[in-house]
Amino acid sequence: MQALPNYALLWPELLVTALALLVLALDFLVPKLRKRALGYLSAAGLAAVLALSLAFLWGRQESLYEGLFLVDNFSLFFKALFLIVGTFVILMSVDYVDQHLEHPGEFYGIILFSVVGMMVMAATGELLTAYIALELLSFSLYVLVAIARDNPKSNEAGLKYVLLGAFSTALLLYGISLLYGVLGVTRFEDISSKLQAMDSINPTLLVGLTLIIAGLGFKVAAVPFHMWAPDIYEGAPTPVTAYLSVASKAAAFALVLRFFAVALAPAVDQWAFLLVVLAAVTMTVGNLVAIAQRNIKRLIAYSSIAHVGYLLMGVAALSALGSNGLLFHLVGYAVTTNLAAFVVIIAFFNRTGKEEISDFAGLADRAPFLAMALSAALFSLAGLPFFAGFTTKFYLFTAVAREGYLWLVGIAMVNSLISLYYYLMVIRQMYIEPASDASRLRVPALLSGLLAVLVLLIILIGIYPSPLLRAIEAATRAIIPA
Amino acid sequence: MSLLDNHLLTLIVAVPFGGALALIFFPSDRPRAIHYFARAVGLLTLLLSVYTFATYWSKDGGFQFRESYPWLEGLGIGWKVAVDGITVPLILLTGVVLPAGIFMSWNVKHRPKDFFVLLMLLVTGVLGVFVSLDLFFLFFFYELAVLPMYLLIGVWGSSSDFGTFIRTKEYGAMKLVLYLVAGSVLVWVALVAMWVEAGMVSFDLEVLEKASFSPGFQRLFFPLVMVGFGVLAGLWPFHTWSPDGHVAAPTAVSMLHAGVLMKLGAYGILRVGMVLLPQGAQDWMPVLIVFGTINVVYGAISAMGQRDLKYVVGYSSVSHMGYVLMGLATLEPLGVSGAVLQMFSHGIMTALFFALVGVIYDRTHVRDITVLEGLSKRMGVTGAFFVVAGLTSLGLPGLSGFVAEILVFIGTFRTYPLLGVLGVIGAAITAVYILRLMAKVFFGPLGDRWKGLPDAARIETGAMAVLVFFLVLVGLMPWPLLRLIDVDVATLLQRIAGA
């Protein structure tokens, strides 16, 4: 047993926690501070932690507290991702917080806490730690969703989210307890070796697994556990929606991927089929329901559900290539593309206060750059070339087909086709329909800058993915040794 | 010139793409500069395609101007380009139609910048498909060619009024995009299946070519390739997007889409289906030739029933693409060569047709052939060009359509005589509707409404004259093209016969 754990390995989490406390304290103690300053401080802090983490932790392969907390390339990859997304979301929120919220410190502080939760989720190798990290994330999100206190929609969304979130947590916890009851362990590696030693799968264990899948299914919004997503995406303040759809989803997938690849790999025959069905249903329902949406945030909610279906295929086809594909699509679709779409939606909302799809009519004349960027994002979501979505989907689908699921990939391709229809309907509003109000929209420099960076990233991932893929392959090797 | 030769094909894709990128940064309020720049890019592409045609060493045949770099080693994807005798004519075709389309767009005043950016992207996709030897990039460019279509038709297109109902441009655009992407779904599934079956090492066409797929596998996946690419080639019964889409599209887009893009479909069947799945090709070609014949006859009959001038041309495209499919399906040297030549010939001819319809519609704002009467009296040049296009279409000797169609017919008669007869009947129907149309629209008495009609502008005349020149040139001297095509068609057919 290790005498003293190497606390130095925890410093990224500790630093972000300290940053969160600092932001909260500054908000109290220096009331005259400009609201924006807190946002810039938080973003700069996250960026600094990102730089330090990459510089000092890349390539480390160590564990703390007997495997409860792992420092490897997989966790580092996700930490970097969360820090980047956190930075972007905070910068995206600055204008919104300025206009709509009274307590910027709470907003930024809670986002920072949730970043800590996500970082631990990606790094944990044990179910209870994972549970605690997930709760830290979820509680932060409950507050964030309801943070626009004078907006009844936001309050309603917050309440719904708490109730359903608690329900899903209960499922997850119950599943964990059943698993523990049968196997007597909660560490991923121990679960794996116990499963390997078993001749047949105990029914109780199967129930436990199913409950865990259901609980995690809630968190990633997989059908049939997706009902909360559209309402909450619509009601939450838009930057929070962006954060929900990007970061919390990525964190849940970090946990899912490590849990299935490390702990449950020996029992792959038991759950692979369940995930395959879940994936097929999720993408189909998500895409079909998306067609009927009138609100842009609900549209993105359903399109996100569909994308969760694609990502779940990567878990079902568990392999190094499948994991690469999942991570690649997660970065390409969720992180860059969805963020870009949300920057446009936020910029539009800040100026007009509207978020129906029909409100985007004539956007190509009112704000050409916004229209172009949103089109790029939508084309990327639909998986058309030059944009990230084409390359990442191609990679993910190829990887899944390789594991013998060509038919599932066929379903996914048909789904992509369906999704193209409703993405084109948004593009039609922006480019073809005339604007009811033809005034030009001014986009603040900060949002324009963020958007330009994101669009460039979308194109870069689309045409020159090898650097990103090298990082992803290194991350995968930490959970699935070649 | 060796630097140019070593990077020729990358350059030929990069020129329109770079043109699109550069145009994005043009100020929107300088339409003249935008138009001139687009024309320069178009002419440069023409120059490069002519250079490719002239320097391709036809005695050797096979793939030339090779270039390859790794791109994603994990999946075995690389940037690998080369052209053979089958692709060179198609590149030349693209190089001719692109500038013609750009010059014909001289009167695009609404958002010219966005228009040309999207048009250049479209052509980047087309050229990319023709030069790619890596299936990933082939698919990449194939989808890229579809991407700009929705906006090109939706923003700059026109709706058609049928009296009782209106076919909106949005409808045509959406239909076209969804049909084509649906086709690409089938293609993609087949591509990945081949990649898996061949050992998951490479998307390189030449590597996959060496993998011998089992007959059962080939029989299962050839139809996916055939129908998937066939959708874009206007294969019956998946052709309905073509008239609706092409009619709704603005002139230059119809020219490029019907002229060049539909050829991607036939090319895909040839390059991916016939090369990689030779056994499957042998098994399924009898089906394809039946569908191709239906294309010819059904397209011609449909064209006869249209009142809208542009729909006539749209359905005639469906009919003429049928000859391409028939020719490919004969698996017989003359037939396949004829099919490739028909791709070239039909590409130029349809581009000319759509350009002419564009000119007429621009002057008269009418496309109803019951209203248009005796236009030749006022629009002499337009009428003369229309006669050339029409006679090519019905296969008059001395024009390119004759050479291509006669080859296809000989090939078909050698293999499926009955279908050959039907094909000839299709050509006869074409003669009926084309001659009737020309008699009415151009050579009847001049309608009162059209007394003050101006003829085609000088810039339009120039662009269309180039197309006419190629129709006549290939009609009189098809050998330079056929020599290229024959060598590689022979190699291909040997491979299929050996399967």
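**Exercise 1. How many residues of chain A are in contact with how many of chain B, and what do they come from?**

Step 1. Start with the count: 27 residues of chain A are in contact with 26 residues of chain B. Two residues are in contact if their C-beta atoms, placed from the backbone, lie within 7 Å.

Step 2. Next, look for the elements. Helices H16 (388-402), H17 (406-431) and H19 (466-479) of chain A each supply at least two residues of the side that touches chain B. Helices (H or I, at least four residues) and strands (E, at least two) are DSSP runs, numbered from the N terminus. H17(A) gives the most, with twelve residues.

Step 3. Sort that side of chain A by residue class: 22 nonpolar, three polar and two charged. Here Ala, Val, Leu, Ile, Met, Phe, Trp, Tyr, Cys and Pro count as nonpolar, Asp, Glu, Lys and Arg as charged, and the others, Gly among them, as polar.

A word on the model: it is predicted, local features need pLDDT of at least 70, side-chain atom pairs count only at pLDDT 80 or more, and totals for chains, interfaces and linings use all residues. Residues are numbered from 1 along each chain as its sequence is written, while chains are lettered from A and ligands numbered from 1 in the order in which they are written.

**Exercise 2. Describe how the two domains of chain A meet.**

Step 1. Find the bounds, which come from an automatic or database domain assignment: domain 1 covers 1-260 and domain 2 covers 264-482 of chain A.

Step 2. Their C-alpha centres lie 21 Å apart, and 45 residues of domain 1 of chain A are in contact with 49 of domain 2 of chain A.

Step 3. On the domain 1 side, H10(A) gives the most, with 14 residues. That side divides into 30 nonpolar, ten polar and five charged residues.

**Exercise 3. At what angle do H2(A) and H4(A) pack?**

Step 1. H2 (residues 35-57) and H4 (residues 104-123) of chain A pack at about 15°, with their axes 9 Å apart. Axes are lines fitted to C-alpha atoms, for helices over the stretch in contact, and angles run from 0 to 180 degrees between N-to-C directions.

Step 2. H2(A) and H4(A) are therefore roughly parallel (an angle under 35 degrees).

Step 3. Pick out the contact residues: they include Leu38(A) and Leu46(A) of H2(A), and Tyr108(A) and Leu112(A) of H4(A). The residues of this contact divide into six nonpolar, three polar and one charged.

Technical notes:
Parallel < 35°, antiparallel > 145°, perpendicular 65-115°, else oblique.
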